[in-house]
Amino acid sequence: MNDDRRSPFRDAHADVTTSREVPDTKQTRAPSYKLAFNDDAFLCRDELRPVRLQLELLKPQMLMDEYGVESTVVLFGGARIPSPENKHKAQTETLAELSKYYDEAREFSRLMTLKGLESDGHDFIICTGGGPGVMEAGNQGAAEAGGISIGLNIVLPHEQAPNEYVTPDLCFNFHYFAIRKMHFLMRAKAVCIFPGGFGTLDEMFESLTLIQTGRMERVPFLLFGESFWRRIINWEALKDAGTISPDDLDLFRFVETAEQAVEAISTWEHAGTKREFIPGR
């Protein structure tokens, strides 16, 4: 992280170093004596939650700005979907069949990364949740194209590490799901949803809701695997019930292959515009 100081005041790093070299007394050992910004126990207090939220929003923002990330292509999808060579290890027959989307995610990310590299390499940067499955495939495809990619991990109760293909300087770890979701969408120029579970559904519907309500610009919104998505969600029933408008079904499009997705992104209508009203209300 750059630290180009223009202030005549003593900097924080120097004071942290100095504070470690003070005489060892009962006063200097007291928790109250620690510098507030260098006191983990203090920063983790419940009262400091607003500060932690701000820090979690600010740190990735600053680092991505410094890296020159202008726009991203977001991939959401199941962590349990295996690569085709590992589909024999899948927990269910359906997961084994869905392994084809691992390769589609990988190829799609490779193609979009190449598209970004045609200019200055600051656009169409692949952004995933940094985990296994579809996320790993996305980061792998970007790496194979010679580009960078982002991984937005989150601390979970079970031990997990980012997949090996995320660009190390763009690998982030979050405590707050809400802030992580903001970073997924703040630079998104396309959102691609692969088959997945609760997490994928949560990310898909929150993103769609932001676009539906005009809180976010319309971007290419692609669902890979029409048969999967039609089987688990009765889109027509929502429309027929009147809980969504028929126009809401135009906010996304089904695709099957990486090539179809690239074509859809390049020909997407209304990209970059916001809804001024919600149809049906």
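Hi everyone, and thanks for having me. Before anything else, please keep in mind that the model is predicted.

Let me start with the overall picture. The protein has 281 residues, and 41% of them count as buried. Its secondary structure comes to eleven helices and seven strands. Along the principal axes, the C-alpha trace spans about 70 × 50 × 40 Å. If you take contacts between residues at least 6 apart in sequence, 67% of them join residues at least 24 apart.

Now to the helices. Two packed helices are described by the angle between their axes and the distance between the axes. Here I picked helix α5, residues 100-117, and helix α11, residues 258-266: they pack at an angle of about 40°, and their axes are 8 Å apart. That angle makes α5 oblique to α11. As for handedness, the crossing of α5 past α11 is right-handed.

Which residues in α5 and α11 meet? On the α5 side they are E104, E107, F108, L111 and M112, and on the α11 side A258, E259, A261, V262 and I265. Sorted by class, this contact of α5 with α11 has seven nonpolar residues, three charged ones and no polar ones.

On to the rings. The structure holds seven aromatic pairs, and I'd like to show you two. A pair of aromatic rings is described by the distance of the centres and the angle of the planes.

The pair of F194 and F224 is stacked, at 4.0 Å centre to centre with 15° between the planes. Where do F194 and F224 lie? F194 is in the loop between β5 (188-193) and α8 (198-212), while F224 is in strand β6 (residues 221-224), so this pair ties together parts that are 30 residues apart in sequence. Are they buried or exposed? F194 is buried, with a relative accessible area of 0%, and F224 also counts as buried, at 0%.

My other pair is W235 with F252. Their ring centres are 4.6 Å apart and the planes are at 45°, so this pair is tilted. W235 belongs to helix α10 (residues 235-241) and F252 to the loop between α10 and β7 (253-255), so to speak a link between distant parts of the chain, 17 residues apart. Both W235 and F252 are buried.

Conventions:
Residues numbered from 1 in each chain as written. Predicted model: local features only at pLDDT ≥ 70, side-chain atom pairs only at ≥ 80, totals over all residues. Heavy atoms only, no water. Axes fitted to C-alpha atoms, helices over the stretch in contact; angles between N-to-C directions. Helix = DSSP H or I, 4+ residues; strand = E, 2+ residues; numbered from the N terminus. Parallel < 35°, antiparallel > 145°, perpendicular 65-115°, else oblique. Left-handed = near helix turned anticlockwise from the far one by under 90°. Contact = heavy atoms within 4.5 Å. Nonpolar A, V, L, I, M, F, W, Y, C, P; charged D, E, K, R; others polar. Phe/Tyr/Trp six-rings, centres within 6.5 Å; stacked < 30°, edge-to-face > 60°. Buried < 20%, exposed > 50% of the residue type's maximum accessible area, 1.4 Å probe, protein only.
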